[in-house]
Amino acid sequence: MTIIMEEAMEVNLSRRARIETQSSVAISTPPLQLSSLNLNDSVPKTPKSPFASRFMSTPLASPMKKAIENMQGYLEEVSRFTKFNPQDDWLPITESRKGNAYYAAFHVLSSGIGFQALVLPLAFTSLGWIWGILCLCVAFTWQLYTLWLLVQLHESDSGVRHSRYLTLAMAAFGEKVGKLMALFPIMYLSGGTCVTLIMIGASTMKIFFQIVCGVASPLSTIEWYLVFTCAAILLAQLPNLNSIAGVSLIGAITAVAYCALIWIVSVVQGRVANISYEPPRVHSEATRIFSLWNALGIIAFAFRGHNLVLEIQGTMPSDSKQPSRLEMWRGVMFAYIVIALCLFPLAIGGYWAYGNLIPTNGMLRALYKYHGHDTSKLIIALTSLLVVINSLSSFQIYAMPVFDNLESKYTSMKNRPCPRWLRIALRGLFGCIAFFIAVALPFLPSLAGLIGGVALPITLAYPCFMWIAIRKPQKCSTNWYLNWTLGVVGMILSVLVVIGAIWGIVAQGIKIHFFNPQ
């Protein structure tokens with residue numbers, strides 16, 4: 001009797017141990033890892049039911065088996081393909097992943113067409129008709145190819161999504177080298193563009209007021225800067241990148257509209273008097289060479305927005321069957337067809353209408369200077385209003401990486417989302433800093449060629465090097481040679497643009513006036 005009781009107690013203990021083990025495994029182990037877990041051989045396994053085995057082998061159970069297998073495969077594929085940083089749900093760029101090809105097209109258009117395009121005819125004055133058009137076509141194709149590289153590199157083979165340009169650079173070049181190469185250019189392209197947008201938007205707002213009211217502006221230029229900045233900060237309270245899709249749509253429409261209006265009015269009004277298409281006379285061969293390099297820089301700067309492509313793609317959902325690169329590239333292709341239809345007529349039509357008489361400030365200044373008296377005030381006022389609205393819209397998308405970077409500092413330290421009041425304060429702080437820089441350094445656009453040359457590899461060179469480092473194409477293959485060639489030439493072009501900008505500053509001079517915007 002004692003032996004029987006001892007055996008019963010051993011069986012109960014064994015069952016209790018098995019139940020506790022299974023409970024602990026079920027709680028501590030993710031569901032997708034249970035199938036690969038090996039339990040101790042000493043723990044007895046639950047025998048399979050003969051009825052269940054016979055039922056699952058019948059034709060009636062085949063749809064159920066197929067559904068179970070498909071579900072298991074789908075879960076395993078999703079777990080492999082989508083690996084997110086937990087902080088992504090708290091940051092404004094990746095807080096919402098409900099984007100689509102339409103939203104991507106809106107964002108790319110809003111960030112891809114801007115004030116840089118208005119100075120494209122200025123490059124033709126040094127390059128001439130043939131070389132100007134040829135360089136414009138080469139630059140368009142080159143940057144479209146590097147854009148395709150970035151879209152493909154957004155999702156790695158391991159399932160990690162690089163939703164920021166800086167993280168992709170760090171993944172390709174290493175943490176220290178990636179930050180050293182990409183951090184300053186990215187922040188300049190974001191913060192510096194916002195400062196320039198304040199200058200252009202506020203100055204155009206002042207012109208719009210004078211045209212509509214017919215009187216001199218009662219506000220000073222600094223006060224117009226403040227008005228524009230307050231409007232930009234107020235609009236910046238939209239929570240994340242996906243939520244400003246409507247703002248980007250408005251920015252895209254206004255950009256296309258004012259580009260079309262400017263070149264159509266310029267062409268319809270005809271060529272100005274005493275026009276010439278001959279390259280300007282220079283005192284030395286060195287001056288001519290440096291002016292050519294500066295013209296190449298103007299064309300390269302006209303294509304912008306590469307520092308935002310990964311961020312835009314980061315707002316889109318992605319899985320193994322429908323990766324985000326497909327929808328993203330569809331949106332990019334539509335956007336760049338529209339961009340080409342804006343930039344090429346603007347450059348060619350502007351050079352045809354003004355030739356070497358094009359002002360250094362570009363097409364908008366030429367419109368005011370040469371056609372302000374013989375063009376309807378309604379057209380001039382509408383063009384100015386479109387520029388103001390586009391500047392406000394572009395400010396939002398270019399400021400978003402800065403907002404994201406500021407909030408990531410908080411979430412990294414506190415391991416929790418940024419409070420609403422702090423988010424408002426950070427965005428207001430950035431707006432105030434941008435306003436201060438715009439007032440303190442009103443000559444900053446004159447240094448755009450110098451600083452922009454440093455940022456040029458973001459568009460033309462780094463994507464090629466990152467493709468080689470991450471995808472590792474076969475050595476000495478066509479893909480390998482192509483990306484190495486484009487990357488090296490892009491770096492050389494960046495150096496030449498910087499040298500040309502320095503020469504231009506030395507030869508022509510620069511009016512430095514602190515805290516005195518004109």
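I sorted the lining of the second largest cavity by class and got 5 nonpolar, 4 polar and 1 charged residues. This is a predicted model, so I keep that in mind throughout. The lining is made of V108, S111, G112, L147, R304, G305, H306, V309, I312 and Y336. I then looked up which elements give two or more residues to this lining, and they are α4 (101–112) and α11 (306–313). The volume of the second largest cavity comes to about 40 Å³.

Next I checked the whole structure. The search finds 3 cavities of 30 Å³ or more. The largest cavity holds about 50 Å³ of space. I listed its lining: G114, F115, L118, L197, I200, Y258, V387, N390 and S391. Here α7 (175–213) and α14 (377–414) are the elements that give two or more residues. Of the elements, α14 gives the most, with 3 residues. By class I noted 6 nonpolar and 3 polar residues in the lining of the largest cavity, and no charged ones.

Then I turned to the surface. I found a nonpolar patch formed by W129, I130, W131, I133, L134, V138, V267 and W352. Together these residues have about 750 Å² of accessible area. Which helix gives the largest share of the patch? I found that helix α5 (residues 120–153) does, with 6 residues.

I picked out W129, which lies in helix α5. Is W129 buried, partly exposed or exposed? W129 counts as partly exposed because its relative accessibility is 31%, and that class runs between 20% and 50%.

Key. Residues are numbered from 1 along each chain as its sequence is written. This is a predicted model: local features need pLDDT of at least 70, side-chain atom pairs count only at pLDDT 80 or more; totals for chains, interfaces and linings use all residues. Side-chain values use heavy atoms; hydrogens and water are left out. Patches are made of residues with over 30% relative accessible area and no salt bridge: like charges are joined within 9 Å, nonpolar side chains (Val, Leu, Ile, Met, Phe, Trp, Tyr) within 5 Å. Accessible areas come from the Shrake-Rupley method with a 1.4 Å probe; for residues, only the protein chains shown count as cover. A salt bridge is a side-chain nitrogen of Lys or Arg within 4 Å of a carboxyl oxygen of Asp or Glu. Helices (H or I, at least four residues) and strands (E, at least two) are DSSP runs, numbered from the N terminus. Buried means under 20% relative accessible area, exposed over 50%, partly exposed in between (1.4 Å probe, protein chains only). On a 1 Å grid over the protein atoms alone, a cavity is a set of points where a 1.4 Å probe fits but cannot get out, and a pocket is an open set with protein on both sides within 12 Å along at least five of seven lines; lining residues have an atom within 4 Å of a point. Grid points are joined across faces, edges and corners, and a volume is the space filled by probe spheres set on the points. Ala, Val, Leu, Ile, Met, Phe, Trp, Tyr, Cys and Pro count as nonpolar, Asp, Glu, Lys and Arg as charged, and the others, Gly among them, as polar.
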